[in-house]
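Here's a quick tour of a protein model, written for someone just getting started. Have a look at the picture first, then read on.

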Amino acid sequence: MKDDKKITSPLKRREFLRMCGTAIAGGSVIAAGSTLALKSKGAKGNVFWQIDPAKCTQCGRCETHCVLPVSAVKCIHANRVCGYCDLCGGYYISNVKDLNTAAENMMCPTGAITRQFVEDPYFEYTINEDLCNGCGKCVKGCSSFGNGSLYLQIKQDICVQCNECKIAQVCVSDAIQRVDFATAYKLKE
Amino acid sequence: MKKIFSTFVGFASVALAQAQNRFPKPDFESGYQYPDLEYAVPDETLWNVLDVTMLVALLVAATWAVMKKRKPMIWISLVSVLYFGFLREGCVCSVGSIQNVALAFVDGSYQMPWNVLAFFLLPIVFAFLFGRVFCAGVCPMGALQELVNVKNGRISKPVAMVLGLLPWLYLILTILYAVTRSRFLVCEFDPFIGIFRLGGDVELLVFGILLLIISVFTGRPFCRFLCPYGALLSLFSAVSWKKVEITKKKCINCDLCHNSCPVDAIRPPYANTDKEERREGVKRLLGYMLLMPLLMILGALLMRMSAEGLSRAHKDVRLYDMVVAYEALDAPETIPLEVEGFYMRNGTLDELTVVKDSIVAEYRTYGTWAGALMGMVLAIALIRFSVKRRRETYEIDNAACVACGRCFEYCPQNREIGKSDIEK
């Protein structure tokens, strides 16, 4: 810049400052843009929320804290882990007296678990996803008395993938994590 | 909607070797086959591409409208509210993307999706090139307020200045909470998400509706006094390559545009008659500039001291408090769920103390920076308030201007002389 002794017009100074500002702003856009682009290059993005069944303690908050009216967390049944028991800890309440489907004997508050006789003494259990509200009562029963084949998981076709999961904020066991597409389902087998 | 495009991922996941196996695998004799269950992962790629395409298209349309002094902004606003707002239910949004970007900077394990990056960068690039055309009508929240706005009630200058500091503080706090992995403030307290999703937290819904009612009488209260992304964009629009202008021709100082601005961004001519000595003006400016480091240090100290309190926003720090409170009890009757969960995963207080201390330390470091920034924001506001600028014509304050283009049609210089005018 010319170093004139005379006071130059304030407009010119203003323009000069503006130009400096433009240069800084443009530079930072390019710098931040390229850094971020490099960072997210090839990244699939951790946009999916999943429960780690190994960590879940079935506190019951999945049922109440999801932003959806009925939680996106559902009970999933791993048949290959299941013992196909008649006296199922997830199906009947603990200390059940009669093994029948009377409501007072059932663990599931919404009647989402049904079972079918396979062969003596085995029963196949099925979860009706439309009825399940993710309360985790059956999961607690199954992991306490059975093989732990029932577990809670976030169903990706229902989950709206909030930028931050409301349940994760209150999860008592830190079981809900961001995962990418490849691990979008953490299943038990 | 998202169920339409589904990719099926079968039993591809990691085997979790923690089954208790109290009962052996049954030996079926009847030839029973295990049912094959498949779990669908929605393939969002198409939606993501569509979102970004819509963003670019609307940004280009808004830019064209601003440059050519045309008036399709109401249609752009309508499309944005319908598509980004009601159809896509307000997610992905540029305002929230600040947090993902901040998190990606500090957390190597967090992979930011490319569409979030696009939503963060594109509006900034456009703001740098053409002004805040994103705010004009592409952002569904701005568009919603724009659509209901009827009157441009004026808020007194000092009040507007103080309220205008809020977005900056909100921005700094948002980044602080994002980089410490505590919470996403913007997503948690988004006032319009309940309106777009037709339901949600009652408090936030009431807040959102209140904001909309206010924006009937004065333009865009959320954009001016809350939006952190708007604050970020104003940095770029203030020094943008092309500026939003009321008219390309010479201003005739008719004052017609002045009242049309919903965000009070048009500055009237100012003679600056109460002449003061140049030396005095320089002195005052230097005084404020010297005040800046002082305010920054003060802010940094204050935030550093309140790091412990601020860190309560983090889940693990709250858990620490709960466990300490629980273990202090002699004969606890009930155990809080959090504490129960903590013991169930065999957590010990010592481990938790280490975690808590590291979080508080993080808050101390980042909080110091945040406090210094807050001090700087305050000092710059003071400087801006004290600098008197001579203006000969009506000028747009490009940092505050949201490029809605309402002033264009009020300016008589923008009217092309039609045939009917000549015949008169």
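How many helices and strands make up the secondary structure of chain B? Chain B comes to 20 helices and four strands. Keep in mind that this is a predicted model.

**Chain B as a whole**

- If you follow the C-alpha trace of chain B along its principal axes, it spans about 100 × 55 × 35 Å.
- Chain B has 424 residues, and 47% of them are buried.
- Take the contacts in chain B with a separation of 6 or more: residues 24 or more positions apart account for 82% of these.

**A look at helix 2**

- Helix 2 of chain B covers residues 73-87, which makes 15 residues.
- From first C-alpha to last, helix 2 of chain B reaches 20 Å, close to the 21 Å expected at 1.5 Å a residue.
- Buried residues in this helix are M73(B), I76(B), S77(B), S80(B), V81(B), Y83(B), F84(B) and G85(B).
- Here's a handy rule for reading a list like that: an α-helix has 3.6 residues a turn, so residues three or four places apart point the same way.
- What do the buried residues of helix 2 of chain B pack against? Their partners are helix 1 (45-67), helix 4 (114-130), helix 5 (133-138), helix 6 (140-148) and helix 10 (193-196), also in chain B.
- After helix 2 of chain B comes E89(B), which has a positive phi, near 55°.

**R220(B), in a loop**

- You'll find R220(B) in the loop between helix 11 (202-217) and helix 12 (221-225) of chain B.
- Is R220(B) buried or exposed? R220(B) counts as buried because its relative accessible area is 1%, and the cut-off for buried is under 20%.
- Leaving aside residues up to four places away in sequence, R220(B) touches several others, among them A136(B), G142(B), Q145(B), E146(B), V263(B) and C404(B).
- C135(B) is also one of the residues that R220(B) touches, and the backbone oxygen of C135(B) sits 2.8 Å from a polar atom of the R220(B) side chain.
- R220(B) and I396(B) are 176 residues apart in sequence, and their C-alpha atoms are 17 Å apart in space.

**V162(B), in a helix**

- V162(B) belongs to helix 7 (residues 157-164) of chain B.
- V162(B) counts as exposed because its relative accessibility is 52%, and the cut-off for exposed is over 50%.
- Along the chain, V162(B) and F225(B) are 63 residues apart, and 9.0 Å separates their C-alpha atoms.

**Where chain B meets chain A**

- The contact takes in 72 residues of chain B and 73 residues of chain A.
- About 6500 Å² of area is buried between the two chains, with carbon and sulfur atoms giving 57% of it.
- Three salt bridges are found across the interface of chain B and chain A.
- K315(B) and D174(A) have side chains that meet in a salt bridge, at 2.7 Å from N to O.
- Between chain B and chain A there are 20 residue pairs in polar contact.
- Several elements of chain B each supply at least two residues to the side that touches chain A, including strand 2 (39-42), helix 9 (185-188) and helix 16 (315-328).
- Which helix of chain B gives the most to that side? Helix 3 of chain B does, with seven residues.
- Sorted by class, the side of chain B that touches chain A has 37 nonpolar, 15 polar and 20 charged residues.

Technical notes:
Residues are numbered from 1 along each chain as its sequence is written. Chains are lettered from A and ligands numbered from 1 in the order in which they are written. This is a predicted model: local features need pLDDT of at least 70, side-chain atom pairs count only at pLDDT 80 or more; totals for chains, interfaces and linings use all residues. Side-chain values use heavy atoms; hydrogens and water are left out. The expected span of a helix is 1.5 Å times one less than its number of residues. Buried means under 20% relative accessible area, exposed over 50%, partly exposed in between (1.4 Å probe, protein chains only). Contact means heavy atoms within 4.5 Å. Buried area is the accessible area (1.4 Å probe) that two parts lose on being put together, summed over both. A salt bridge is a side-chain nitrogen of Lys or Arg within 4 Å of a carboxyl oxygen of Asp or Glu. A polar contact is a pair of N or O atoms within 3.5 Å; within protein, one must be able to donate a hydrogen and the other to accept it, and residues adjacent in sequence count only if both atoms are side-chain atoms. Ala, Val, Leu, Ile, Met, Phe, Trp, Tyr, Cys and Pro count as nonpolar, Asp, Glu, Lys and Arg as charged, and the others, Gly among them, as polar.
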